[in-house]
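Let's take a look at the pockets in this one. Here is the structure to keep open while you read.

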Amino acid sequence: MIEDKFLPVCEPSLLGNEAKYVSDAVSTGWISSSGKYVQAFETSFANYCKVEYAVGVCNGTVAIHLALRALDIGPGDEVIIPSFTMISTAFAICYTGAMPVFVDCLPDTWNMDPDAFRKKITSKTKAVIPVHIMGLMCDMDAISNIASEYGIKVIEDAAEAHGAEYKGKRSGSLSEISCFSFFANKNLSTGEGGMCLTHKPELFDKLRYFKNLCFPLDAAREYIHQDIGFNYRLSNLHAAVGLAQVEKADEYKKMRSHNNMLYRKFLKEVSGIQFQKDSDSIYGHVHWMNSIIVDKTKFGKNRDELMAYLKENQIDSRKLFAGMHRQPSLKKYGCDMSGDYAATDFLSENGLYLPSTSNLKEAQIARVSDTIFNFANIKVS
Ligand SMILES: *Cc1c(COP(=O)(O)O)cnc(C)c1O
């Protein structure tokens with residue numbers, strides 16, 4: 001019975017043409033990055049995000065590195081990122097030799113605080129990378145206005161926000177270059193995969209150039225390379241899965257939001273359980289991971305105790321990200337770890353995410369919620 005099974009925190013939902021397209025790729029022999037699915041996936045995802053140009057790459061981390069390289073960011077430069085993000089945002093900056101600089105998040109949206117961003121700008125700041133955390137859109141107008149005031153490039157890390165909208169515009173369409181991940185747990189997945197989007201043809205060319213070892217774009221293959229490039233190519237097999245995923249993107253988005261609505265409904269009566277701010281008419285939310293904050297004084301137990309209890313009851317969960325200012329790797333690299341990141345620390349210490357697979361059943365969400373109820377010793381009325 002499904003209710004008794006171990007409930008993983010997230011599995012890919014492959015409910016459409018994935019197997020059909022992959023077996024087509026295999027049976028025709030097109031398994032490298034030269035097959036037709038790469039372009040089909042790029043075009044369909046670009047259309048979905050309402051952006052002109054797309055460059056598929058092999059994961060989301062390198063998508064961010066590629067975007068930074070295409071914008072000529074390197075040693076001596078500073079790039080501002082939220083402290084509350086996944087490590088990839090910071091590491092991609094380190095790959096270029098530039099320095100990541102952290103900004104605390106807002107306690108309600110968990111997204112980068114635009115006022116704190118302004119305070120971190122120096123003469124070395126070349127770019128800012130807002131991250132639409134957990135699928136909730138950042139305040140893109142505020143961030144873009146400050147950035148243009150100082151001549152700073154904006155790169156969206158939209159790895160958690162496929163299809164989210166801000167003032168009716170899609171995530172990934174609101175910056176110079178945007179970056180997506182299609183890792184197994186993301187709202188759309190190719191297993192491993194990523195993409196850069198841009199409105200600008202000259203950036204499109206640079207992205208394609210650096211992605212493919214700096215082979216000249218339109219010349220015959222001469223094996224003469226003017227710059228140091230990367231092999232960040234996406235395979236046709238992964239792209240075949242990706243095309244099928246984009247065909248059902250709206251369905252997956254609806255499922256994720258429906259699941260989040262159910263969690264909010266079922267957990268409403270539990271005191272001491274808080275959620276991230278939900279979508280409103282301006283800020284869309286595509287609910288990547290169903291995240292909650294445990295307030296020990298009201299809930300009676302802390303986050304780690306709740307996670308252990310969930311595990312005993314065959315339910316997997318994960319802690320929210322640890323802040324960038326807490327990463328030994330970034331300290332060793334030379335980042336400034338000082339400063340006030342109270343909102344990030346609060347989330348890292350008290351937050352977790354619950355099972356979030358797109359096609360979860362209502363009964364499974366009820367089971368998770370009931371388990372949380374029981375642990376808090378609160379009776380459902
Ligand atoms: C998942 C994720 C990435 C990296 O994606 P990978 O495909 O795993 O390399 C980057 N940024 C954020 C915010 C993410 O959540």
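Which domains does the lining of the second largest pocket draw at least three residues from? Keep in mind that this is a predicted model.

## The second largest pocket

Domain 1 (18–102 + 114–247) and domain 2 (249–376) are the ones: each gives at least three residues to the lining of the second largest pocket. This pocket holds about 290 Å³ of space, and 20 residues line it. If you want to find the middle, go to Met86, Ser88, Ser181, Phe183 and Lys186, which lie nearest its centre.

As for secondary structure, α3 (60–70) and α4 (87–96) each put at least two residues into this lining. The top contributor is α3, with 3 residues. Sort the lining by class and you get 8 nonpolar, 8 polar and 4 charged residues.

## The largest pocket

Now for the largest pocket, which has a volume of about 660 Å³. Its lining is made up of 26 residues, and the closest to the centre are Ser33, Val38, Glu42, Arg208 and Lys211.

Three elements each supply at least two lining residues here: the helices α2 (36–49) and α7 (201–211), plus the strand β1 (53–57). The largest share comes from α2, which brings 6 residues.

## Quick recap

To sum up, α2 gives the largest share of the lining in the largest pocket, while α3 gives the most in the second largest pocket. If you're checking where the two domains come together around a pocket, the second largest pocket is a place to look, with at least three lining residues from each of domain 1 and domain 2.

Notes
Residues are numbered from 1 along each chain as its sequence is written. This is a predicted model: local features need pLDDT of at least 70, side-chain atom pairs count only at pLDDT 80 or more; totals for chains, interfaces and linings use all residues. Side-chain values use heavy atoms; hydrogens and water are left out. On a 1 Å grid over the protein atoms alone, a cavity is a set of points where a 1.4 Å probe fits but cannot get out, and a pocket is an open set with protein on both sides within 12 Å along at least five of seven lines; lining residues have an atom within 4 Å of a point. Grid points are joined across faces, edges and corners, and a volume is the space filled by probe spheres set on the points. Helices (H or I, at least four residues) and strands (E, at least two) are DSSP runs, numbered from the N terminus. Ala, Val, Leu, Ile, Met, Phe, Trp, Tyr, Cys and Pro count as nonpolar, Asp, Glu, Lys and Arg as charged, and the others, Gly among them, as polar. Domain bounds come from an automatic or database domain assignment.
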